[in-house]
Amino acid sequence: MSELYRLLPSVDLILQRVSESGRYAHLPRPLLKDLVNVHLDQLRADIRQQKLNTSEDMQWSALEGPLHAFLDRASRPHFRRVINATGVVVHTNLGRSLLARQAVEAVTEACAHYSNLEFSLDTGQRGSRYAHVEELLCKLTGAEAGLVVNNNAAAVLLMLDTLAKGKEVVVSRGQLVEIGGSFRIPDVMAKSGAVLREVGATNRTHPHDYERAITPETAALLKVHTSNFRIIGFHKEVGLREMVALGEKHGLPVLEDLGSGNLFDFRPYGLDHEPTVQETVAAGAAVVTFSGDKVLGGPQAGIIVGRKEYIDPIKKNPMNRALRIDKMTLAALEATLRLYLDPELARREIPTLRMITASDEELRRQASKLARGLRRALNGALRGSGGSANAEITLLPGASRVGGGAYPERDLPTTLVAVRPLGTDIGVEALRDTLLDTDPPLIGRIEHNAFCLDPRTLDESEYVLAGKVLAKVLAP
């Protein structure tokens, strides 16, 4: 055993060999050295456990392949691309919305060059970063003014801190939602310094509940759109127009948090009506907040629009500095909003809209194409190995989801590509888990005792890649 330890190549020799290959020239040398040390520690453990027990095992020809495999795997970025075959379009855990090509190009341009982020090309003086999107926001929503912060929770926080700090805000008990990650609207409100005044019952709130709660200490009425859950049965809530009338009667602004707000009407594509930002502004809300990275299909952002008399002080709030967006977000958001000037262009170019509105026929066609590609990839692996069929691939009816807290009860019909391992040691759950470690990871779901891929959230360019990683895992 001691002889085997002596036969292990040194760190310097391994670094010299891998440097000569040029394969890891993109890695910082300190990182590469650390990884080589980790691999050598594993080799020593293998010697102790007698997994390596001959001098031939210590030859470079025997060590090189496993070393490269380890370095390839261990040097991958921790934050990296995955293939989303789950059918959940706005997948919170997988990065939410994909950006349109135009938005990606705008981000690249913003990162690679200097820009007029806070510089007015008209005056040659300091400008406002909001100027790049405020006019677009007003044109698209009908609002008088607008600004953008880093997410919708920040938008709600900033709105309440500006307009209601130290005063009461009246909100229906049935709208005190949890927005994900265990963060709740009451907690956000408390951090703003506003005093929450709950009214009504969980399932029913009436206009008189709001009216009875109004006092000289009331600063605003708040409506929170419950986009991530539904109350059915014996249920009532006060509509926005009715709340606006009540607010006008008492000289109070009505604020609305739309959550996963949208600028697109999905009703022609079979989805239920969800209030758009345009409708909410038109109904008289003084300030409206919503997300940029959910159904809207842009980057992570919290968008605030409304009447100028309320938006201007929000812009001047010192907290706005801590919550502001960066140039990459701004570039992506402007490019996304420009597409909405033509709703049909937005539907075609913004991936989130395109996926949500995909037709049943289109998805069946894509599923058939994906299944054919997977079969070709698996058959190609079989020809190379001389093995026999190792998976059954079929089409099944299924359902996708919008995700991101939108349309919580609405399934989107789809056609799934079901993969069932055959004649291998790997089961369906083991296949799912193994695919998490491929490059890139392929993430699907288990249904009908099969690993299922939903073409709704797959781009055609990913079909070949999905076939390669499946074939690698299922090869005999």
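## Ground rules

The model is predicted, so local features need pLDDT of at least 70 and side-chain atom pairs count only at pLDDT 80 or more, while totals for chains, interfaces and linings use all residues. Residues are numbered from 1 along each chain as its sequence is written, and side-chain values use heavy atoms, with hydrogens and water left out.

Helices (H or I, at least four residues) and strands (E, at least two) are DSSP runs, numbered from the N terminus.

## Helix α10 and its cover

Let's start with α10, which spans residues 240-250. Its buried residues are L240, M243, V244, L246 and G247; here buried means under 20% relative accessible area, exposed over 50%, and partly exposed in between, with a 1.4 Å probe and protein chains only. These residues lie on the same side of α10, because they cover an arc of only 165° around the axis. The arc is taken from the directions that run from the helix axis to the C-beta atoms.

On the face turned away from the buried side of α10 you will find the exposed residues R241, E248 and K249. The cover over the buried residues of α10 includes helices α9 (207-213) and α11 (277-282), together with strands β8 (218-224) and β9 (254-259). Contact, here and below, means heavy atoms within 4.5 Å. Just after α10 comes G251, with a positive phi of about 70°.

Helix α8 (residues 185-192) has I185, V188, M189 and S192 as its buried residues. Seen down the axis of α8, they fall within an arc of 100°, so they line one face of the helix. A190 and K191 are exposed on the other side of α8. The residue that follows α8 is G193, whose phi is positive, near 90°.

How do α7 and α8 cross, and at roughly what angle? The axes of α7 (residues 152-164) and α8 come within 8 Å and cross at roughly 40°. That makes α7 oblique to α8, given that angles under 35 degrees count as roughly parallel, over 145 as roughly antiparallel, 65 to 115 as roughly perpendicular and the rest as oblique. Axes are lines fitted to C-alpha atoms, for helices over the stretch in contact, and angles run from 0 to 180 degrees between N-to-C directions.

From α7, the contact takes in A153, V156, L157, L160 and D161, and from α8, V188, M189, K191 and S192. By type, the residues of this contact are six nonpolar, one polar and two charged. Ala, Val, Leu, Ile, Met, Phe, Trp, Tyr, Cys and Pro count as nonpolar, Asp, Glu, Lys and Arg as charged, and the others, Gly among them, as polar.

## Helices α6 and α14

Helix α6 (residues 131-141) packs with helix α14 (residues 327-339) at an angle of about 30°, and their axes are 10 Å apart. The two helices α6 and α14 are therefore roughly parallel to each other, and α6 passes α14 in a left-handed crossing.

On the α6 side, H132, V133, L136, L137 and L140 meet L330, L333, E334, L337 and R338 of α14. Seven of the residues in this contact are nonpolar, one is polar and two are charged.

## Backbone details in the loops

Most residues other than glycine have a negative phi, and most peptide bonds are trans. R96 is not a glycine, yet its phi is positive, at about 55°. R96 sits in the loop between β2 (88-90) and α5 (101-112) and is partly exposed at 22% relative accessibility.

H448, also not a glycine, has a positive phi of about 55°. H448 lies in the loop between β15 (445-447) and β16 (450-453) and is exposed, with a relative accessible area of 52%. Finally, D439 and P440 are joined by a cis peptide bond, with omega about 0°; P440 belongs to the loop between α18 (428-434) and β14 (442-443).

## Links along the chain

V402, in strand β12 (residues 391-403), is buried, with a relative accessible area of 0%. V402 and G87 are 315 residues apart in sequence, while their C-alpha atoms are 8.2 Å apart in space. Leaving out residues up to four places away in sequence, V402 touches V88, V89, V90, V295, I356, Y407 and L412.

Definitions and conventions: A crossing is left-handed if the near helix is turned anticlockwise from the far one by less than a right angle, and right-handed if clockwise.
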